[in-house]
2 protein chains.
Amino acid sequence: MAGVRVAIVGATGAVGQELIRILEERSFPVASLKLLASPRSAGSTLTFQGEALPVEALTAQAFQGTDLVFFSAGASVSQEYAPAALAAGATVIDNSSAFRMDEEVPLVVPEVNGHLLDEGPQLVANPNCSTTILVMALAPLRRAAGLRRVIVSTYQAVSGAGARAVEELKAQVRAWLEGRPLEASILPYRDGKRHRPIAFNLLPQCDRFDELGYTKEEWKLVHETRKILGDPDLPVTATTVRVPVLRSHSESVYLETERPLAVEEARRLLGETPGVQVLDDPEEQLYPTPLETSGQDPVFVGRIRKDPFEERALTLWVVGDQIRKGAALNAVQIAERLAAPRGWRG
Amino acid sequence: MAGVRVAIVGATGAVGQELIRILEERSFPVASLKLLASPRSAGSTLTFQGEALPVEALTAQAFQGTDLVFFSAGASVSQEYAPAALAAGATVIDNSSAFRMDEEVPLVVPEVNGHLLDEGPQLVANPNCSTTILVMALAPLRRAAGLRRVIVSTYQAVSGAGARAVEELKAQVRAWLEGRPLEASILPYRDGKRHRPIAFNLLPQCDRFDELGYTKEEWKLVHETRKILGDPDLPVTATTVRVPVLRSHSESVYLETERPLAVEEARRLLGETPGVQVLDDPEEQLYPTPLETSGQDPVFVGRIRKDPFEERALTLWVVGDQIRKGAALNAVQIAERLAAPRGWRG
């Protein structure tokens, strides 16, 4: 076979466009690329390897003759159309939450549990962005010293809530400089009862609440982290907060290990982990920030400290571009790892 | 005595100006008000009760004939000049870190440990802003159910780093809208080796680092919380982060109590606490945000949740105006509570 016939559902979205860039950057063996989107976006074009490709309207018939379909258009679209892609014989890598907690479907961060791809599953789920960033930092420490609990507070960029949330932040900043009131109609989430400005503000709500007062985003951090680490009872307590940052999610992580881990050992373990970059030198004031890590592939870890009062606990400051490693890059890495078992060649 | 002869050291700073406003708002029995500042600021005027008052240069002689001096010009100024104020017979309420950990000096949040003022100490320390906001939420829960540990991640406004940090954020936002590079020369802290933009960014560093990789701000949260709560061994683990917010600090707080506390009970306890306002209704998407609480007196608590995996643990989202309750308001409340023991009358 001369390369892989790829389709992207949700090609015009932020993750969809990043997928196109990453397939190009990493020279994924693409034989053909079909770009699919809602009827509203169909008719436009996007560039891949210097060529303008048309965006077509998504239909259940669109998957005929494709080998690999990336879904990145929300859970309801995946739920409706992934079965057609699978029936057409394509491999599906789904970036939505539709199948993540399905016991039959592997939920994969290749550096952490990539072995689940060795048998070439036909449907693979890509985790929630905050979770991918978190488990990249947890996995090497857990492997070395065990993991008893995790407490995480997030600082999430507005692009995680979509392109319209980014436009909303920009418009609010402009309004503020011009002395006009800040108008909000998207954040904290589009279908909510109330909307609040994010410019110069914080919204301690990402997605909707359940009856316990937890958001869906907070539960994703619990359940997806457990599934990826293969640790179904791991206590994970999460508070997710939207911050006026454009791109890259940050996380203040507290973790208790089974056995004590020195700071130097944690730095070494993280530094040896593919996909992780340690940026941690208090003396030189070096630590990751969202502005400095946007557009980059690694998950960055800094401020690695021992809890002064609990010898088995460490704190970390973890930052990663949630559109790259948090979404599109991880999806392409899954595809790369599936190439051998699925029999794809360049 | 017909009222209190008050002086403010650092009158032109953000906290100094807020002190003037709060003395006015709360009708503190001011007989006279002397405004003191660095020679650079001397010569300007500030308004109190409709009257323009001159700002005088701070000298050791300036405290003659004063009853009460608020210091709010940094630790080195307090260290140098507080002895002169005390020697002149004045009561000193110090907003700097100079005397906070001095065993002889009470460190007071009136709603929490105001009884320390009953004997009319001549020197009282006002806590660090993040600490005041934190202990306001912890104290009523600790009183009811004991407290075993606290893990806190902060989201701190730029005004906590001074007026020049606020100007820096504004200039960066303007530059960003005009497509110019973001220049930084103040944050994370003025004397640091490196400065980074705060607009659309996060800086996981408030103040300088020690050899353990903790910042001074993080240690203040440990030591001052212990002292105010009268719990010298309480484990407090803090991560402090500067965020692009103008005013009001927010804190994601995880706490373990000695006995389990139901969410409803925690809401009730906090709701009954003077100076605390519960804003917590997930159904209605009600929780505090910095924009909505700026300029207000209470410390706001929302997102009160049980840790799903630890029945003795709760999480809180605490927000307070760090210039009001976090600094100036608390200082004036200390002064009010000292009026009887110090023999001040209106």
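**Entry 1: the sheet of chain B**

I began with strand S1 (residues 4-9) of chain B, which is joined to strand S5 (residues 68-71) of chain B by four bridges, the two running parallel. I took strands as DSSP runs of E of at least two residues and helices as DSSP runs of H or I of at least four, numbered from the N terminus, and I took two strands as paired if DSSP finds at least two bridges between them. In this pair I found B:Val6 opposite B:Leu68 in S5(B).

I note that this is a predicted model, in which local features need pLDDT of at least 70 and side-chain atom pairs count only at pLDDT 80 or more, while totals for chains, interfaces and linings use all residues. Residues are numbered from 1 along each chain as its sequence is written, and chains are lettered from A and ligands numbered from 1 in the order in which they are written.

I then traced the open sheet of seven strands in chain B, whose order is S3-S4-S2-S1-S5-S6-S7 with mixed pairing. Strand S3 (45-48) and strand S7 (123-125) of chain B stand at the edges with a single partner strand each, so one side of each has no neighbour in the sheet. On average, neighbouring strands of this sheet are turned by 25° against each other, direction ignored.

Helix H2 (residues 75-87) of chain B packs on this sheet and touches S1, S5, strand S6 (91-94) and S7 of chain B, its direction making about 160° with that of S6(B). Helix H9 (residues 324-342) of chain B also packs on the sheet, touching S5, S6 and S7 of chain B, and its direction makes about 160° with that of S6(B). For contacts I used C-beta atoms, placed from the backbone, that lie within 7 Å; axes are lines fitted to C-alpha atoms, for helices over the stretch in contact, and angles run from 0 to 180 degrees between N-to-C directions.

**Entry 2: helix H4 of chain B**

I looked up helix H4 (residues 129-145) of chain B against helix H6 (residues 216-229) of chain B, and they pack at an angle of about 40° with their axes 10 Å apart. H4(B) and H6(B) are therefore oblique to each other (angles under 35 degrees count as roughly parallel, over 145 as roughly antiparallel, 65 to 115 as roughly perpendicular and the rest as oblique). Residues making the contact include B:Leu134 and B:Leu138 of H4(B) and B:Leu221 and B:Ile228 of H6(B).

**Entry 3: strand S8 of chain B**

I checked burial along strand S8 (residues 149-155) of chain B, and six of its seven residues are buried, so the strand is largely enclosed by the rest of the structure. A residue is buried if 20 or more other C-beta atoms lie within 10 Å of its own, exposed if 12 or fewer, and partly exposed in between, with C-beta atoms placed from the backbone. S8(B) pairs with strand S10 (residues 249-256) of chain B in the antiparallel sense over seven bridges, and B:Val150 stands opposite B:Leu255 in S10(B).

**Entry 4: A:Ala60**

I located A:Ala60 in the loop between strand S4 (51-57) and strand S5 (68-71) of chain A. A:Ala60 is partly exposed, with 13 other C-beta atoms within 10 Å.

Definitions and conventions. Contact = placed C-beta atoms within 7 Å.
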